[in-house]
Structure formats: structure tokens, C-alpha cells
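What follows is a guided reading of a structure, to be taken with the sequence and the coordinates side by side. The paragraphs move from one chain to the other and then to the place where they touch.

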Amino acid sequence: MQRYIVRRLLQAIPTFFGITIIVYIIMLLAPGDPVALMTFDPSIRQDERERLAIKLGVNDPFHIQYLRWLIGDDWMLVDSNADGEVDSWGDNYGILRGDFGSSFKFRGSNPLDLISQRLGATIELNIAVVLIGVTGGLLIGVLAAVQRGRAFDKSSRIFAVLGDSVPVFWFALLAIMLMGLVLPRALEPHGIGDGSPFLPMGGRCPPVRGGCPPIYARLHYMILPVLVSALGPIAGWSRFMRASMLETINSDYIRTAKAKGLTSRGVWIGHGLRNAIIPLMVFLGPLMFGLIGGSVIIERIFSWPGIGLLLFDSVVSRDYPVVMTSVVIGSILAMLGYIAADILYALSDPRVRFSGARP
Amino acid sequence: MTRGRSAIKIAKLKHRHDDRFTPSLNLYQKAFRRIRSDRPTLLAMSVLVVFVLLALFAPFLSETIFQVDQVTQAVRNKYLPLFSEGHVLGTDELGRDHLSRLLYGGRISLGIGVAAAVLSLGIGIVVGVFAGFYGGIADDLINWFMITLNSIPGLYLLIIITTLLSPAPLTLVLIFGMLGWTGTTRLVRAETYSIKEREYIIAARAMGASNRRIMFIHIVPNIFSLLIITLSQAIGGLILAESALSFLGFGVQPPTPTWGNMLSGGLEYARKAPHLVYLPGLLITTTVFCLYLIGDGLRDAFDPKIAD
């Protein structure tokens, strides 16, 4: 098992470098050069601007620029006063040592700090969505498999396809309108509520000083965002679970279990469900991963202060260091999600460990 | 003369008769038969055909039949509700006709979905067959590149790329095509891997077929059914992606209407004119729903084993 984990982690290294190369190329092509952005002040003279350009190394060939960004330039001599000769050591540590430059918008702050302030919000939301999505999907999938061919099965299949085809921000908006406008207004005359929204329409907690209260005090803020973003996972998992369950239930050991007189609950839960879950571990990685990407939308519509919203804000304000950092960190999280899912899968199915590849 | 003709007729009848009782149908004929009795898929197909026709004939429909166009603004006629006089589906925040904009928007949304899906599928097929057929270092490199590309959350990648290129419909098609091929490639690569060891490929090689001929005449047609299923799902996914990008403001820019940017534009006016939110969203959902249903239906039709 340890060997498998080590091998899986080693495989992540080339992927990580690939990610940094892609992100760097894209950002290099981005409009508006960093020098112009940093010297927006018209009082800065042209020669100072040129000096800054040389100091930042924007005229260097691509691979030099990339290496300076990746591993820093404190080990090499750079031309800091732009006289055409190298004279002093660089002062960049490079992203590998956690130096992502400094944010344009929040002057001087380290993008990594900005992200770590917001990471908690995103992770909290995603864990809740995974929990709700997986349990909801499992329940529906198992029930559909048990009731195969009957009304519940058919409607759950339609629900699954529908859940995949709704644009998530539209669904979010409908939920907001329903809970914030339509229902309170409709129920007010009947003495339920006072016409104000039933649930908070956005944000992670009430705007108070000193950060958010502990999570149990603001669970109601999570209801709408979590339910809305769990729709897709519930749909997907119910479909996988149904298929996996039906496949399992037709195997020989289930027939044996039935033949020796087990109750149907024992057969379905004890033998069927336990084995049917194993192949679904494969989908855990893509699920966590998809959530990180999709959280931009959910965080934007519910003003949830996570890294998705940070990425969105920094793209809009062209804060490139923060954009690059969020993309790199988001990708690393996604990669870790995949690895965690693979390890879970290997733990639950010994065949993977020994063959080395996914079946 | 008459006798001869009737003889032919009888022979034809016999032939049909034989056909019915000893069917020897190929994969596609069998699939067609199964689809013919699959009501949900048929319904989804007909809805989609209607949408495609509406989009194709958008100029004719809006200008000739409903006598409206998508650009005329009228300050007085802002936020007209549904079934207003002269504007069947009301008007938007600038007084433009909503029906007409929905028709034109459908053209672009469907067009982007179809074109980008075809493009990414095309790239996916070529790269996948290549990687699966030759294997070795090329395969490893392609695999590494795909894993890398897939590790960056898709929406992140889309957002940062669309900030580079101003997202006109055609650019968006190219971007989606360039980013969406990995799924197809993986599928095609795996299939190619297993097909290339089969007897008929060895036979083709023994007869002197070139590698290119084997790849595109013998392997690709055999995974074609898989590709049709992938295509219908890819179009659906791309229409959703386009709407998500538009919601964030990085999609096709107004005034060019797409269902995505109409929907995100309507969000601001949701209180005054809810139909600006309901209708585009409903159209996106219905279209994608139909495409996914067709994808499922096709899968069942081509491979009844999977359909329980």
C-alpha cells in the first residue's frame, strides 16, 4: 500500500510542472504587460519604466522568465539597475518556495495569504456538498435499484438527467427567488413568517466584525448553496449507484446469499451495497475536483467568500499574480482530490494495488 | 410482359417476407429499430428538431411572421410581460423583442455547442487513435498532457483563457474545441488499444494496408457508435458551459444574444420581468435535457446489455 501511495504521489510531479507551464504561458499572453500595470502612475519617467522592465525580466527569453517565476532568481545575478550588466542577486524566491509575487490590487499582500484566508470557506462548502451529494445519491440509487422498473425508478432516472441539464446558476436563482420572494409573500397572509426571506440569500455569515462565528451557528447560511450545488452530484451518484447495484445484485454470491435464506434487507444492504460502492470510489476524485471548478459559479451567486470568488474578482481587476496563484492552488487541490480518491479506491479494492493501473 | 412484372413483384414480396423473419441487420439497423420503439428518445429528438428548425429559420420567423426584429430598442416598451400586443414573449430591459432575441440566441448557442463538439470530437478522434495505435513515447506524452490539462479545473482554465481572447462566438468555439478533446481521446485511445489486436486488423495488415488506412478505415468506423453517443452529450455539456461562462461575464458579449448571456443579463431584472429569467433558462434546460436523453437512448440502442 505504501508503495502504491508513493508511486501515485511521484506521478503527480510531472503533472504539477505541466500545470505551471500551461498557466505561465496563458498569463504571459494576457493583455496589459506587468510593467504598464505597475507603473500606471503618469509621474513615473520612461527610464524608470525601462529599469523596472529589466528588473522584472520581461524581456528575457521564455524559459528564463518561467524559471525565475518557478524557482526564483536569488541564486542568479540579475541586472537590477539596468546598465546592461548583471550586478546583484535577485530577490525572488519563486513559487516552489511559496513566493507568488505580490497582489496588484491589495498592494503588497502575498497572494498565498489571500488564498489561505479564503480556502476554509471553499473547503467547508465542498465537504458539505460531497456529504449531501453522496448520501443523497446513494439513497436514491439504491432505492431505484430495489424498485427497479417501478414508478420511483423511472422518475429518479428522469430526475438524474434533469439534474445534469439544469444550468446551476439558473437553478440557484430560482431557489433564491422561491425562498426569498415567492414563498414568504405567499405565506405571509397565512401567518407564517413576516414576509422576509426564509433563508439567508448569500454570504457565509452575518456581517459582523472579527470573522464568522463557528460553523454550527451559521448552518442556515449553508442550506441554499449546499443544496443547489449538491443537485448535480446527487443526480450523478444516483445514476452510478443504481447501475452498480444492479450489476452487483446479479452476481453469483448474491444468489448464494439469497439461497441460504438471508432476509432481503441483509442481501441488499450487507452484500449488495457494500460491494456496489467500491467502483464508485473512482468518481470521488472527479466529484471533488468538479466542485472546485464549479465553485466559482456558486460562490459568485451566493457571495460565498471562497477561492472561486477570489479568482473571479482578480480576473475582473486583472490582478494577475492572484489569478495565477488561485489557478495553481486550485489545480493542486484538484490533483490531491484525484490522488485521495485513487488511494481510497486502492484501499477498498486490492486488485488495483497489485496491477498498478485502474481496471 | 405483365406476367414478368408480377413475377418480380412476388419476388420482392418474398424478399421482404424473408427479411422480416430472418433478420440479418447490421449494428446501425438494429439500433434504429430499438430507437423506433423508444418513446422518450423519440420525443427528445423531435423537440430538438423543432429547436434546430426554429434557430435555422430565425430571421424568417421573427421578421416575416412575427414582424419583429432583435435590435430595435424602444424605451417605452421596456419590460413588457408575456403575450403583449406585438411582442408575444414580451420585451427586455431595452425594449427589444424577447421572442426574436431568443430565436437568434438559439442560433448562436446551438451553433457554438454543435461546432465546438464536432471540433473537439475531431481532435479527440485523431489524437486518440494515434496514441492508442502507436503507443510508446507519443502515447505517454499525450497522456501526460491530458492529465495535466484535466487537473486544472475546467472553469478556471476557461475563465483565464477568455480574458486573453475576446470571446466572439467563433473564438469560443475554438477555445471549447481546444479544451474539450481529452474525454473523447481517452475513450478512443482505450478502444483503439483493444481493437488493434483483433483478427480483422491483422488481416488488413497482411493485405498490405498502411497504418493510416488501418486507423481511419478499419478502426474509426468501429467506434463510430460510441462517438455518436459522445457527440450528443458533448453538445449538451458545451451549451451549459457557454451559459456558465456568460453568467460570469466571460462569454459572448452583448448585444449579440445567446441563451447564456440573455439569462445572465435577465438576472438583474428578475423582479421587474421574471420572464427574462425563466424563458432562456427553460430553453437551455430543455435542450440539454433532450440531448442527454438522446445520448442515453443511443447508448441503450447500440448496446442493449447496458440497458439492464
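**A helix pair in chain A**

In this predicted model, Val168(A), Phe171(A), Ala172(A), Ala175(A), Ile176(A) and Met179(A) of helix α7(A) meet Leu224(A), Val228(A), Ser229(A), Leu231(A) and Gly232(A) of helix α8(A). Sorted by class, the residues of this contact between α7(A) and α8(A) comprise nine nonpolar, two polar and no charged ones. The two helices, α7 spanning residues 168-187 and α8 spanning residues 219-249 of chain A, pack at an angle of about 140 degrees with their axes 10 Å apart, and the crossing of α7(A) and α8(A) is right-handed.

**Two loop residues of chain A**

Further along chain A, two loop residues deserve attention, and they can be read as a pair. Ser303(A) sits in the loop that connects α11 (284-301) to α12 (307-316) of chain A, and its phi is near 45 degrees, a positive value in a residue other than glycine. For context, most residues other than glycine have a negative phi. Is Ser303(A) buried or exposed? Ser303(A) counts as exposed, because it has 12 C-beta neighbours inside 10 Å.

Asp319(A), by contrast, is buried, with 22 other C-beta atoms within 10 Å, although Asp319(A) too belongs to a loop, the one between α12 and α13 (320-348) of chain A. Leaving aside residues up to four places away in sequence, Asp319(A) touches Ser103(A), Phe104(A), Lys105(A) and Ser314(A).

**The helices of chain B**

Chain B contains 14 helices and zero strands, so that, as a matter of DSSP assignment, its elements read as α from the N terminus on. Of the 308 residues in chain B, 45% are buried. Among the contacts in chain B that link residues at least 6 apart in sequence, 69% join residues at least 24 apart.

One helix to follow through this chain is α12(B), which has 25 residues and reaches 36 Å from its first C-alpha to its last, close to the 36 Å expected at 1.5 Å a residue. Because 20 of the 25 residues of α12(B) are buried, this helix is largely enclosed by the rest of the structure. Just after α12(B) comes Gly249(B), which takes a positive phi of about 90 degrees. In the loop between α12 and α13 (259-266) of chain B lies Pro255(B), and the peptide bond joining Pro254(B) and Pro255(B) is cis, with omega at about 15 degrees. Most peptide bonds, in general, are trans.

Helix α7 (residues 154-164) of chain B packs against α12 (residues 224-248) of chain B at an angle of about 60 degrees, with their axes 11 Å apart. The two helices α7(B) and α12(B) are therefore oblique to each other, and their crossing is right-handed. The contact is formed by Leu155(B), Leu158(B), Ile159(B) and Thr162(B) on the side of α7(B), and by Ala241(B), Ala244(B), Leu245(B) and Leu248(B) on the side of α12(B). By class, seven residues of this contact between α7(B) and α12(B) are nonpolar, one is polar and none is charged.

A further pair in chain B joins α6(B) and helix α9 (residues 181-195), whose axes are 10 Å apart and which pack at an angle of about 140 degrees. Helices α6(B) and α9(B) are therefore oblique to each other, and the crossing of α6(B) and α9(B) is left-handed. Here Met146(B), Leu149(B) and Asn150(B) in α6(B) meet Thr182(B), Thr185(B) and Arg186(B) in α9(B), a contact with two nonpolar, three polar and one charged residues.

**Where the two chains touch**

The contact between the chains takes 34 residues from chain B and 36 residues from chain A. On the side of chain B that touches chain A, α6 (136-151), α7, α12 and α14 (275-302) of chain B each supply at least two residues, and the largest share, nine residues, comes from α14(B). The residues on this side of chain B divide into 24 nonpolar, eight polar and two charged.

Key: Residues numbered from 1 in each chain as written. Chains lettered and ligands numbered in written order. Predicted model: local features only at pLDDT ≥ 70, side-chain atom pairs only at ≥ 80, totals over all residues. Axes fitted to C-alpha atoms, helices over the stretch in contact; angles between N-to-C directions. Helix = DSSP H or I, 4+ residues; strand = E, 2+ residues; numbered from the N terminus. Parallel < 35°, antiparallel > 145°, perpendicular 65-115°, else oblique. Left-handed = near helix turned anticlockwise from the far one by under 90°. Contact = placed C-beta atoms within 7 Å. Nonpolar A, V, L, I, M, F, W, Y, C, P; charged D, E, K, R; others polar. Expected span 1.5 Å × (residues − 1).
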